[in-house]
Structures are given as structure tokens and as C-alpha cells.
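We'll walk through a few of its features together.

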Amino acid sequence: MRISFCKVFFLSYLLTYAKSEELHCSKYDFEEKVLEKMVRIEFQMERMKSEMEQTVKSVDRKLNEMDEKEAKLSYTIKTTQEVLSEKMEALQNKTVESVDLKLNEMDEKEAKSSNTIKTTQEKLSEKIEALQNKTTEVIDTKLKELQILKDQIVTPTVAFKARLDTNTAAPVGQIIVFPVVLFNKGDAYSTQTGKFTATTNGTYLFTVALCVHNMKYLHVDIMVDGVAYTRTYIHDNDYVDCHTTDTVAVLKAGQNVWVQPSGSASGSIIRHSSFAWNTFSGVLLHK
């Protein structure tokens with residue numbers, strides 16, 4: 001039994017040696033050569049028997065040494081595995097701790113980044129709102145300036161015309177009120193007082209047309225804040241006489257203009273009829 005084992009071992013040794021000496025070929029070529037060598041070895045086994053017997057003791061010794069080495073190697077491997085397991089476990093724990101630490105750091109950075117982004121967004125919103133408010137203020141200011149410029153350039157429509165609707169006396173120093181308004185653009189003329197009040201600075205034209213009874217006379221003035229800007233005299237002995245007078249006045253806003261007799265006959269002087277109107281009119285020419 002011992003010899004058979006030795007034969008097998010020696011045969012394996014020879015095969016290994018032969019395999020290392022031969023060139024590598026294909027799988028099937030190698031198997032054919034192995035079989036060929038096994039056949040030759042079988043023929044040589046009898047001749048080698050005596051030599052193998054001499055080596056049995058040496059082989060047994062070597063086997064014992066190998067068993068001892070194998071036992072030592074197993075122990076070493078086991079010890080190495082244990083050490084490696086301990087190191088792997090420690091490394092794993094350290095790796096987990098490192099990963100947790102990195103994750104915590106990332107969470108902190110993410111939180112800081114989120115706070116930074118939120119703060120930046122809030123600042124941007126505040127700046128945008130401030131810019132919008134400033135832009136709105138600038139636009140409002142520019143619109144006001146444009147409106148002022150427009151008011152300065154564009155002449156508004158200020159015009160009126162009013163008439164009497166009956167015969168009337170004309171006492172000296174008393175304002176003649178024209179109660180029937182034909183138009184009053186700008187609402188500058190008052191039927192209560194008979195006065196025109198300038199709504200804006202500018203150059204105005206005022207016109208008065210009056211008719212007097214025959215054998216009557218009338219001195220009439222166009223007044224600006226109590227100062228006569230023009231005067232006319234109306235008189236006829238035979239027929240009803242109608243006269244027109246006008247004046248141009250450069251006024252400031254708030255100044256008043258009216259019609260006032262400075263001399264007249266007694267009784268009913270101004271004659272009203274459907275074909276001869278007594279009128280007072282005015283218009284803003286230029287601002």
C-alpha cells in the first residue's frame with residue numbers, strides 16, 4: 001500500500017516534470033502526450049522498483065516534514081485569517097465612521113449652502129423690490145415732469161361766450177352779468193358774478209358786443225382786476241345802435257375780467273332782441 005502510494009506520487013512528479021519541460025500545445029495534444037508518457041512509465045516501473053524502495057524512506061521523511069509544514073501553514077493561514085478579519089473589521093468600522101463623518105460634513109455644508117441660497121434669494125428679492133420701487137419713483141417723477149412740460153407747451157382749451165336775455169339798465173360801476181351761457185370750456189366764466197377768472201397764465205382775447213336803445217348812450221369798459229383795459233362809447237339818436245369792442249390781456253391764473261359801465265343814461269339802456277344779441281366772450285390764445 002505504501003509502495004503504491006509512492007508509485008502514484010512518483011508518477012505525478014514525473015508527469016509534472018515532463019509537463020514543465022515540454023512545450024505547451026493544445027488541450028488534446030497535451031492529453032495524448034500525457035498518455036504516451038504514462039505507457040512508457042509503466043514499462044519502466046519494474047526497473048525503477050528497486051530505486052523507489054530506496055527512496056521510500058526518504059519520501060516518508062519528506063511526507064512527514066510536509067505534514068508538519070502543512071500543519072504549520074494551516075495554523076499560519078488561520079492566524080493570518082483571524083488577523084485579516086480583525087483588520088478588515090477595524091477598517092470597516094473606520095470606513096463607516098469616516099463615511100458617517102463625511103455625510104455629516106456634507107449635511108452641514110448642504111445646510112449652510114441652503115441657508116446661503118435662502119439668504120441670497122432674500123437679498124435679491126429685497127434688491128429687486130427696491131429697484132422696482134426706485135424705478136416706479138423715477139417713472140412717476142418723469143411722468144410728472146412730462147406733464148409739466150406738456151402743460152407748458154400745450155395750450156388748454158379755455159373759451160366762453162354768454163349773452164343777455166332781456167333789456168337791462170346799466171348803472172355806472174355795476175358789473176353787467178350775462179346769464180345765458182352759450183359755451184364755457186374750462187368753466188372760467190361765472191353766471192353768478194359775471195366775471196371771468198383766468199385758470200392759467202397766458203394771453204387772452206375778450207370781446208363785448210352791446211346794443212343801446214335810440215336816444216340812449218353808454219360808456220362801457222372791459223376791466224381786469226378793477227383796471228380798464230379798453231373803453232367804448234355807444235350812442236345813436238335815431239336807431240338802435242350796436243357796437244363791438246375787444247381787448248387782449250396777458251393774465252396770470254386767478255385774475256378776473258368783467259364788463260362794467262363807466263357812464264350811461266338813465267332807465268333801460270341795453271336793448272335785447274332776437275336779431276341783435278348782447279354778448280361777452282373770451283378765449284385763451286397762448287399759454
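Which helix does K62 lie in?

K62 lies in helix α2, which covers residues 27-153. Keep in mind that what you're looking at is a predicted model.

As for K62 itself, its relative accessible area is 44%. That makes K62 partly exposed, because the label covers values between 20% and 50%.

## The overall layout

Zooming out, the chain has two helices and 11 strands.

How much of the chain is buried? Out of 287 residues, buried ones make up 24%.

## One disulfide

Now for the cysteines. The count of disulfides comes to one, and it joins C211 to C242, with an S to S distance of 1.8 Å. C211 sits in strand β5 (residues 202-212) and C242 in strand β8 (residues 241-251), so the bond ties together parts that are 31 residues apart in sequence.

Is this disulfide right-handed or left-handed? The torsion about the S-S bond of C211 and C242 is about 105°, so it's right-handed.

The two partners also get their own burial labels. C211 has 2% relative accessibility and so counts as buried, since the cut-off is under 20%. C242, at 41% relative accessibility, counts as partly exposed.

Key: Residues are numbered from 1 along each chain as its sequence is written. This is a predicted model: local features need pLDDT of at least 70, side-chain atom pairs count only at pLDDT 80 or more; totals for chains, interfaces and linings use all residues. Side-chain values use heavy atoms; hydrogens and water are left out. Helices (H or I, at least four residues) and strands (E, at least two) are DSSP runs, numbered from the N terminus. Buried means under 20% relative accessible area, exposed over 50%, partly exposed in between (1.4 Å probe, protein chains only). A disulfide is a pair of cysteine sulfur atoms within 2.5 Å.
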